[in-house]
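Hello,

Here is the structure I promised to pass on to you. Have a look at it first, and then read on for what turned up in it.

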Amino acid sequence: MSADPAWALPRTVIRAARPAVAAALAAALAALAAPATAPAAQRFASAGSADTLGTCSALAPCRIDWAITGAAAADEVVIEPGEYAISPIATSTPLTVHGVAGQARPRLLSNSDTAALTLRGETTLRHVLISAAGSQQDALTLQGGTGDDVVLVSKSGDGAKLAGSPDGTILRDSVARALGGDGRALVLKDGTTPSGPVDVINVTAVGDGDGADGVVSQVTRGEARLRNVVARGDSHDLQASANGAPLTVEYSNFRPSASFGYKDGPGNQSADPRFADAADGDYRPLAESPTIDAGATGALLGDADPDGNPRALGAAPDIGAFEWTGSSPLGRASNALAGGSDGTDPAPAPDAAADEAGDGARATPAREQPIAGKSVGLAPASGNVRVREPGSGAYVTLRAGDAVPLGTTIDARQGAVRLVSVRDAAGTLQAGVFSKGVFRVSQLGGRTPLTVVTLVGGDFGRCRGASASASGARVARAAGHSDRDRVVRQLWGRDRGGRFRADGRYAAGTLRGTVWVTQDRCDGTLTRVVEGAVSVYDKRRHRRVLVRRGHSYLARAAR
């Protein structure tokens, strides 16, 4: 046999490598023989099940405590609609636990001395109601992960305790309520070290028992942050430990005089949030609420409110749990946020008349509500807004909510104004937000009044010489006049299904729950739609055009 070929390794190297090769081969064979990692399971719980041994399939659901505590990491627990009388449930396994989307929240009712539900680890909790009726019993303890679209009610303890974790803890698009004296709607706490932030976004936290608090921060490590939150308490709205980490608050509604220890960020307000029925636990905003469109977007913003109404992408959300949907809410909140079969007794809300508006704003008193065919309600949403009533020769700054007569002119070029008007014979209120323009408000009568905002002002004399021809355009530019597409006046607006019409010089747009701009230009009236749709009537051509999101229509001036 010939000598080793040139590519062969020396025998000493081969002998030295044999143990390593053998070990690698054994490891590979062991890996092949090992069972594959089991996929995450979906486990179902039903209110009528007593099964504590099964696999919790959709056809054979389990008792809720076994569905949760018997789950493996990354499993999904689906809680079917119904009423569950539970003993306290606790797990540290990272899971997803939720009700059935599009159906009523499952109601978890407990009467014990420890939290009704305790979740630790990177767990997601979504679309459930938890009610704690025991003495000093909390509804929820959440450490790590996210609580989303949950309703939490405690009769004499805390609505929820949120503890820090390395990857952070989030509660959003939810309601927390403490009915008993000395209870807290939300308590923010330290957790494991290192501790990430505790974030509360678009939550309504109300402590309406005698001596109850809204939000209490006991965080000394990491961060505690509130954004788009409504906090109200009989004793304190916000309370943070003086030697703890600062409680950062942005774009939220609370009373500074009933709060301490917080770090004041941008966008905060203190006027009465104007709930539909606070005493009954319905925290949806009324049409005149200052919380509408007053929140801020951000990376942690949720997709929808507890009623399933979407947070408008790219537009300001409302402050608090609920989005205003275009008309005053009717009836109680979903799943009865207080009273009834959840084992809690309704408690009176704090006296709204005692609220202190530290920012100088005030809610519209009942005697100044808008009247169909006579008046509308105005309140500044941001910046500087001026108004001039009919017969007055001067503008005055709008500093608070008020009813003004039809025919009032509003200058919102340096700010935004919320306009509230009556939309039907039943007196239902609607609201729209208007900005970046000057307009006059009127109403067309009938059983369903149409509120009209008409663009006014602007100097169309600057359009002289801007003819349709290229030579005319050159003459206009040479003479210092504007091109034909120069904007003379404009008005931005946003509504949610109300009855509004925006009147420009050559076109009128009837809104269909939208974000839009009307611009009177030298060459006509341009309607551009950002969200929703606008039905545009071309005054010169006597035709209607439906303009949808992302599109525009120019009603041309006479040539």
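Let's begin with a pocket. Strands β5 (96-99), β8 (124-132) and β10 (145-154) each supply at least two residues of the lining of the second largest pocket. Before you go further, please keep in mind that this is a predicted model.

How much space lies in that second largest pocket? About 340 Å³. Its lining is made of 21 residues, and those closest to the centre are A101, R126, H127, D149 and D305. By type, the lining of this pocket divides into 8 charged, 8 polar and 5 nonpolar residues.

Next, the sheets. As a reminder, strands of a sheet pair through backbone hydrogen bonds, either parallel or antiparallel.

For antiparallel pairing, go to strand β33 (residues 507-511). Of its 5 residues, 4 are buried, so β33 is largely enclosed by the rest of the structure. A hairpin of 3 residues joins β32 to β33, and the two strands run antiparallel with 3 bridges between them. In this pairing R501 stands opposite T510 in β33. Strand β33 also pairs with β36 (residues 533-538), again in the antiparallel sense, over 5 bridges. Here G509 stands opposite V536 in β36.

Now for the aromatic rings. A pair of such rings is described by the distance of the centres and the angle of the planes. How many aromatic pairs does the structure hold? There are 5. In one of them, F275 and Y283, the ring centres are 5.0 Å apart and the planes are at 65 degrees, so the pair is edge-to-face; the cut-off for that is over 60 degrees. F275 and Y283 are both buried.

Another edge-to-face pair is F434 with F500, at 5.7 Å centre to centre and 65 degrees between the planes. This pair links distant parts of the chain, as F434 is in strand β28 (residues 429-435) and F500 is in strand β32 (residues 500-503), 66 residues apart. Both F434 and F500 are buried. Ring pairs also bring F434 and F500 into a cluster with F439 and W516.

Two arginines are worth a look as well. The charged end of R284 sits over the ring of F322, 5.6 Å from the ring centre. R386 lies over the face of Y395, and here the distance to the ring centre is 4.6 Å.

One last stop is S289, in the loop between β23 (282-285) and β24 (375-388). Is S289 buried or exposed? Its relative accessibility is 0%, so S289 counts as buried. The C-alpha atoms of S289 and D272 are separated by 7.6 Å, while the two residues are 17 residues apart along the chain.

Enjoy exploring it!

Best wishes

Terms used:
Residues numbered from 1 in each chain as written. Predicted model: local features only at pLDDT ≥ 70, side-chain atom pairs only at ≥ 80, totals over all residues. Heavy atoms only, no water. Phe/Tyr/Trp six-rings, centres within 6.5 Å; stacked < 30°, edge-to-face > 60°. Buried < 20%, exposed > 50% of the residue type's maximum accessible area, 1.4 Å probe, protein only. Lys NZ or Arg CZ within 6 Å of the ring centre and 35° of its normal. 1 Å grid on protein atoms, 1.4 Å probe; cavity = no way out; pocket = protein on both sides within 12 Å on 5 of 7 lines; lining within 4 Å. Points joined across faces, edges and corners; volume = space filled by probe spheres on them. Nonpolar A, V, L, I, M, F, W, Y, C, P; charged D, E, K, R; others polar. Pairing = 2+ DSSP bridges.
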